[in-house]
Amino acid sequence: MAVLDDLSGFEFEDLMEDVFRNLGYENVRQAERTADEGRDVIMEEIVDGTRRAIIVECKHTGTVGRPVVQKLHSAIATFDFDGPKRGMVATTGRFTNPAEEYADRLQRNDDPYPIELIDGEDLREIADEIGLDLYNGRIEILCDETLRPYDPAADVDAPVQEAFRDIENIEAADLPVPHSQVTFRPVVAITADTNSVFETSVGVIHRINDRTQFVVHAERGHPKVADDEVATLVTENFHATVPLDTGQFTEVFDDVDERRFGQTQTEYKEWAVDRLQDYHTTTVTYTGDNNVTYNKTCEPNLSDISVQSIEPVYLPEVRQTTEILEYSYPYEYYAAGPSRVTLEDGIHRCVHCETSGVDETYTYCPNCGAIACDTHIKTERLEGEPVCTGCAVTERFALKRKYFYDEENLDAFRKEYAEMPLHEKAMENKLLAGGSVVATLLLVVGLLVIGGII
């Protein structure tokens with residue numbers, strides 16, 4: 001049968017390692033290839049509360065006979081594990097009758113080291129279960145779970161209302177309902193172990209014993225490692241995923257979009273191994289037996305890197321846009337229930353300059369809908385309310401610029417100003433009026449001094 005024909009024996013072992021991990025087995029890893037001893041993959045399972053080791057022989061051949069099963073039985077017996085053990089032979093082909101009879105006899109006799117046989121037909125069924133493409137040996141990602149796109153204990157607009165809470169001159173309750181859209185973006189959380197020892201004639205010069213965990217954005221194109229905030233958001237909320245039910249979410253959001261995983265699980269594994277190999281490669285300086293200093297590049301082998309888990313999930317990216325008069329205010333974030341990581345905050349940003357960030361003070365202009373920083377917010381002369389410099393009508397009175405909502409308010413103040421007594425007009429520029437008083441006092445004092453009065 002044309003199944004996995006292009007894979008080498010080692011590649012088949014790699015694939016089966018991923019298959020078993022997807023089937024829910026724990027601590028799946030490959031045995032050392034340099035000392036196989038009949039054990040290709042080692043893993044564990046928990047049965048009735050007891051942890052049991054499973055030793056797997058992988059055979060990328062057309063027929064597997066009894067000697068292979070017998071050899072595995074001996075390997076199980078000598079495998080060092082404190083607990084029950086069993087075996088498994090996986091092949092792309094079929095088992096001979098003697099091989100099947102031998103395995104059956106172990107089961108019937110309650111042998112302490114039973115062996116399960118998985119042939120090509122079994123692999124077809126497993127393939128359907130985990131999304132394995134039998135013709136190229138790659139495992140597709142089958143995922144229908146997402147982090148929560150909003151806090152179920154609060155309104156979906158709660159993050160926007162919270163963001164507006166520290167904007168001066170506007171109440172969150174007065175905000176229009178924002179347009180909301182959610183994009184379910186695929187990510188994978190990868191855990192991998194790297195174990196390497198580098199030796200020379202002087203002994204061990206470098207050792208790597210590291211567990212690496214990272215989250216990868218998994219859309220089309222080259223995978224990209226997520227930053228620490230996003231990685232923490234994902235890993236801390238894996239326990240709180242919900243089914244990705246597009247129909248359900250269209251009742252909550254105005255627009256719903258779902259992106260596809262750009263690569264197979266196998267490809268993400270290969271990418272992660274290559275990345276970790278580069279990451280852990282380093283140059284070590286050591287002194288040889290002849291007291292000469294040497295430099296050696298220590299690069300772990302691909303077989304030194306074992307991917308322990310690849311966990312896919314959808315990460316909701318929520319974008320809520322609030323339209324207020326002449327302006328639109330986007331607020332975009334990755335969501336995981338009540339937790340979120342902000343991607344774009346168009347609320348804490350002055351519409352007239354580059355000022356942004358939650359540490360600044362912003363004020364809402366009811367005349368045009370602008371949110372502006374202190375530099376671009378003035379007090380409307382007639383109403384006594386904030387107005388931004390972008391929409392205000394201005395004119396100088398008593399040499400001081402005054403700001404108005406519109407020409408109508410400016411005309412009204414012109415009439416009011418024309419009827420003011422002189423001292424009130426002067427007070428339209430308090431700095432100038434104060435300076436005039438000081439100058440007058442100084443003039444009076446000077447005259448009194450000159451006249452000898454004081």
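Which side chains meet in a salt bridge at 2.5 Å, N to O? They are those of Arg319 and Glu332, and the report returns to them below.

## Basis of the report

The structure is a predicted model, in which local features need pLDDT of at least 70 and side-chain atom pairs count only at pLDDT 80 or more, while totals for chains, interfaces and linings use all residues. Residues are numbered from 1 along each chain as its sequence is written, and side-chain values use heavy atoms, with hydrogens and water left out.

## Salt bridges

A search of the whole structure finds 26 salt bridges, where the term stands for a side-chain nitrogen of Lys or Arg within 4 Å of a carboxyl oxygen of Asp or Glu. The pair of the opening question, Arg319 and Glu332, is one of them, with 2.5 Å from N to O. This pair links distant parts of the chain, since Arg319 belongs to strand S18 (residues 305–324) and Glu332 to strand S19 (residues 327–336), 13 residues apart. Strands here are DSSP runs of E with at least two residues, helices are runs of H or I with at least four residues, and both are numbered from the N terminus. Arg319 is partly exposed at 24% relative accessible area, whereas Glu332 is buried at 12%; buried means under 20% relative accessible area, exposed means over 50%, and partly exposed lies in between (1.4 Å probe, protein chains only).

Other salt bridges lie within a helix. In helix H4 (residues 120–130), Arg124 and Glu121 are 3 residues apart and therefore separated by about one helical turn, and the closest N and O atoms of their salt bridge are 2.7 Å apart. Arg124 is partly exposed at 31% relative accessibility, and Glu121 is partly exposed at 46%. Helix H9 (residues 407–418) holds Asp411 and Arg414, again 3 residues apart, about one turn of the helix, and their side chains meet in a salt bridge of 2.6 Å, N to O. Asp411 has a relative accessible area of 33% and is partly exposed, and Arg414 is partly exposed at 34%. Beyond these pairs, salt bridges that share partners join Arg185, Glu219, Asp257, Arg259 and Glu317 into one network.

## Aromatic rings

A pair of aromatic rings is described by the distance of the centres and the angle of the planes. Rings of Phe, Tyr and Trp (its six-membered ring) are paired if their centres lie within 6.5 Å, and planes under 30 degrees apart count as stacked, over 60 as edge-to-face and the rest as tilted. By this rule the structure has 14 aromatic pairs. In one of these, Phe20 and Tyr25 have ring centres 5.9 Å apart and planes at 85°, so the pair is edge-to-face; Phe20 is buried, at 1% relative accessibility.

The rings of Phe404 and Phe413 have centres 5.6 Å apart and planes at 40°, so this pair is tilted. Phe404 is buried at 0% relative accessible area, and Phe413 is buried at 0% relative accessibility. Ring pairs also link Phe397, Phe404, Phe413 and Tyr417 into a cluster.

## Charges over rings

A charge sits over a ring if NZ of Lys or CZ of Arg is within 6 Å of the ring centre and within 35 degrees of the ring normal. Tyr417, a member of the ring cluster, has Lys425 over its face, at 5.3 Å from the ring centre. Arg340 lies over the face of Tyr333, at 5.8 Å from the ring centre.

## Packing of helices H2 and H3

Two packed helices are described by the angle between their axes and the distance between the axes. The axes of helix H2 (residues 66–78) and helix H3 (residues 97–108) come within 7 Å and cross at roughly 35°; axes are lines fitted to C-alpha atoms, for helices over the stretch in contact, with angles running from 0 to 180 degrees between N-to-C directions.

From H2, Arg66, Val69, Gln70 and His73 meet Pro98, Ala99, Tyr102, Arg105 and Leu106 in H3, contact being defined as heavy atoms within 4.5 Å. The residues of this contact divide into 5 nonpolar, 2 polar and 2 charged, where Ala, Val, Leu, Ile, Met, Phe, Trp, Tyr, Cys and Pro count as nonpolar, Asp, Glu, Lys and Arg as charged, and the others, Gly among them, as polar.

## Positive phi in loops

Asp110 has a positive phi of about 50° although it is not a glycine. Asp110 is placed in the loop between H3 and strand S7 (115–118), and is exposed at 67% relative accessibility. Leu325, in the loop between S18 and S19, has a positive phi near 50° and is likewise a residue other than glycine; Leu325 is exposed at 57% relative accessibility.
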